[in-house]
Amino acid sequence: MTLLQFLLILRARYKVAALTLLVTVAATFFISLLLPKQYTATSSVVIDVRSPDPVAGMIMPGLATPAYMATQVDIITSDRVAQRVVKLLRMDESPAIREQWMDATEGEGDLTIWLADLLKQKLEVRPSRESNVINIEFSGVEPGFVATVANAFAQAYIDVHLELKVTPARQSATWFEDQTKMVREKLEKAQTALSAFQQKSGIIATDERLDHETAKLNELSTRLTNVQAETSDSSSKRKSAGNSETLAEVMQSPMINMLKSDIARLEAKHHESNINLGVNHPQTKRTETELASLRRRLASETRQISESISTSYDVGKQKEKELLEAMESQKKRILELNKERDEIAVLKRDVEAAQHTFDGVSQRSAQTRLESLSAQTNIAILNPATMPTKHSRPRILLNVLISIFLGTLLGIAIAFMLELGSRRVRSSEDLIQAIDLPVLAVISSRPPQKIPKQLGPVAG
């Protein structure tokens with residue numbers, strides 16, 4: 001269908017469309033006048049999402065998200081808030097309301113739930129755009145009642161929000177108290193085990209004692225090194241004991257050197273006596289006797305020095321053995337100390353871990369205890385509802401405007417239905433569609449125009 005056909009149909013059926021529009025508007029107007037007047041009261045609450053929590057001292061990042069505001073709207077429209085409004089207004093104690101409930105439900109169900117459902121039907125919650133304000137609207141036929149209910153919804157929302165915040169904190173506080181007792185017992189057990197081991201081992205400062213024992217081991221090692229060096233030197237000297245005169249101790253001995261000097265002097269004297277006095281001379285014999293005594297004495301001194309070297313070697317070996325045994329014993333002692341230190345370190349770590357856990361649990365327990373006792377919330381009433389002076393429904397002007405729009409659509413629809421029921425040829429397009437033949441000419445329905453006399457007839 002073309003636009004021309006559409007307009008031709010409307011021109012032909014305009015009376016039906018206009019009558020339908022008039023009837024629709026008139027009916028809407030009179031029905032709006034007959035409807036009972038409805039009043040709406042609005043209470044506004046503001047949610048503070050920027051100030052830190054007074055107990056925790058921190059800002060929750062999720063408070064500023066759109067989901068948080070949507071959650072608050074769901075809380076306001078929840079059954080819990082509506083039932084709390086019933087309790088705040090003591091509606092369940094009214095005999096008249098109870099009688100209405102009995103007539104409506106015949107006593108089945110719960111009166112509070114029934115009243116809460118009725119209140120929710122007339123409740124509308126609208127969060128403001130790009131702000132943290134939520135408008136709570138309640139509608140009814142009594143202006144004073146709707147204002148009271150709107151304010152009651154705002155107060156019930158604040159109370160329920162506080163309960164939702166405090167109830168988990170109370171449960172957490174109870175749980176943390178039990179955990180604190182358990183952690184304290186573990187800490188006491190760990191401290192008792194550490195004290196018992198220290199008393200058993202007699203160790204308090206393991207590091208200082210270990211350092212002292214390590215120093216003793218180092219001292220024994222140094223002494224052993226010195227003794228081994230001395231023993232090695234004595235061993236070398238023993239191996240060269242066949243030529244004892246070349247030993248350093250012998251060559252450096254003052255007594256040996258003095259005896260050698262006396263022997264050299266007597267040998268010179270003996271040689272002189274042999275030449276001058278003869279071999280058998282008494283003086284020569286005396287000199288030989290003294291010389292033999294000095295040589296025996298020199299041999300004795302040399303032998304003593306050699307024997308002292310052997311003795312030093314034997315003593316060094318004995319000291320070396322004793323030092324090795326002492327070092328082994330000291331090493332065992334240090335290993336025992338290391339083992340005890342490790343055990344004490346494990347026990348200390350257990351105590352530290354238990355102490356750390358106890359401190360953390362105690363801190364969280366104290367915080368949750370404060371949160372469970374908190375009576376503060378981040379929600380406040382911004383604008384309390386007041387008794388409305390003008391009704392909000394019915395909106396006569398809006399209803400009339402809507403009826404004009406709907407009546408126009410309805411009139412056009414009725415006109416088209418009548419046209420489809422009795423189709424008429426209103427244009428050349430309709431004729432072409434009806435007989436499927438070309439149109440040669442169109443005769444206008446307007447009267448023909450008169451030809452001016454001065455022009456005369458048109459020449460054929």
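A polar contact is a pair of N or O atoms within 3.5 Å; within protein, one must be able to donate a hydrogen and the other to accept it, and residues adjacent in sequence count only if both atoms are side-chain atoms. The model is predicted: local features need pLDDT of at least 70, side-chain atom pairs count only at pLDDT 80 or more, and totals for chains, interfaces and linings use all residues. Residues are numbered from 1 along each chain as its sequence is written, and side-chain values use heavy atoms, with hydrogens and water left out.

**View 1. Ser139 and Thr40 meet through their side chains.** The polar contact between them spans 3.0 Å. Ser139 sits in strand 3; helices (H or I, at least four residues) and strands (E, at least two) are DSSP runs, numbered from the N terminus. Ser139 counts as buried because its relative accessibility is 14%. The classes are: buried, under 20% relative accessible area; exposed, over 50%; partly exposed, in between (1.4 Å probe, protein chains only). Leaving aside neighbours within four places in sequence, Ser139 is in contact (heavy atoms within 4.5 Å) with Gln38, Tyr39, Thr40, Lys122 and Val146.

**View 2. Strand 1 pairs with strand 3 and with strand 4.** Two strands pair if DSSP finds at least two bridges between them. Strand 1 (residues 39–47) and strand 3 (residues 133–140) run antiparallel, joined by 8 bridges. Within this pairing, Val45 has Ile134 as its bridge partner. Strand 4 (residues 379–383) is also antiparallel to strand 1, over 4 bridges. Here Ser44 stands opposite Asn383.

**View 3. Thr386 occupies the loop between strand 4 and helix 12.** Thr386 is exposed because its relative accessibility is 58%. Residues up to four places away in sequence aside, Thr386 touches Ala41 and Ala147. Ala150 is 236 residues from Thr386 along the chain, yet their C-alpha atoms are separated by 9.0 Å.

**View 4. Arg80, Arg84, Asp159 and Glu163 form a salt-bridge network.** A salt bridge is a side-chain nitrogen of Lys or Arg within 4 Å of a carboxyl oxygen of Asp or Glu. The count by this rule is 6. One of them pairs Asp159 with Arg84, with 3.5 Å between the closest N and O atoms. That pair links distant parts of the chain: Asp159 lies in helix 7 (residues 143–201) and Arg84 in helix 4 (residues 79–89), 75 residues apart. Arg84 also bridges to Glu163, the closest N and O atoms being 2.9 Å apart. This link again joins helix 4 to helix 7, across 79 residues. Arg84 is partly exposed because its relative accessible area is 26%. Glu163, at 25%, is partly exposed too.

**View 5. Asp92 forms a salt bridge with Lys87.** The closest N and O atoms are 3.1 Å apart. How exposed or buried is Asp92? Asp92 counts as buried, because its relative accessibility is 14%. Lys87, in turn, is partly exposed at 48%.

**View 6. Five residues make a nonpolar surface patch.** Leu398, Ile402, Phe405, Leu406 and Leu409 contribute about 470 Å². Patches are made of residues with over 30% relative accessible area and no salt bridge; like charges are joined within 9 Å, nonpolar side chains (Val, Leu, Ile, Met, Phe, Trp, Tyr) within 5 Å. Areas come from the Shrake-Rupley method with a 1.4 Å probe; for residues, only the protein chains shown count as cover. Leu398 belongs to helix 12 (residues 396–421). Leu398 is partly exposed because its relative accessibility is 39%.
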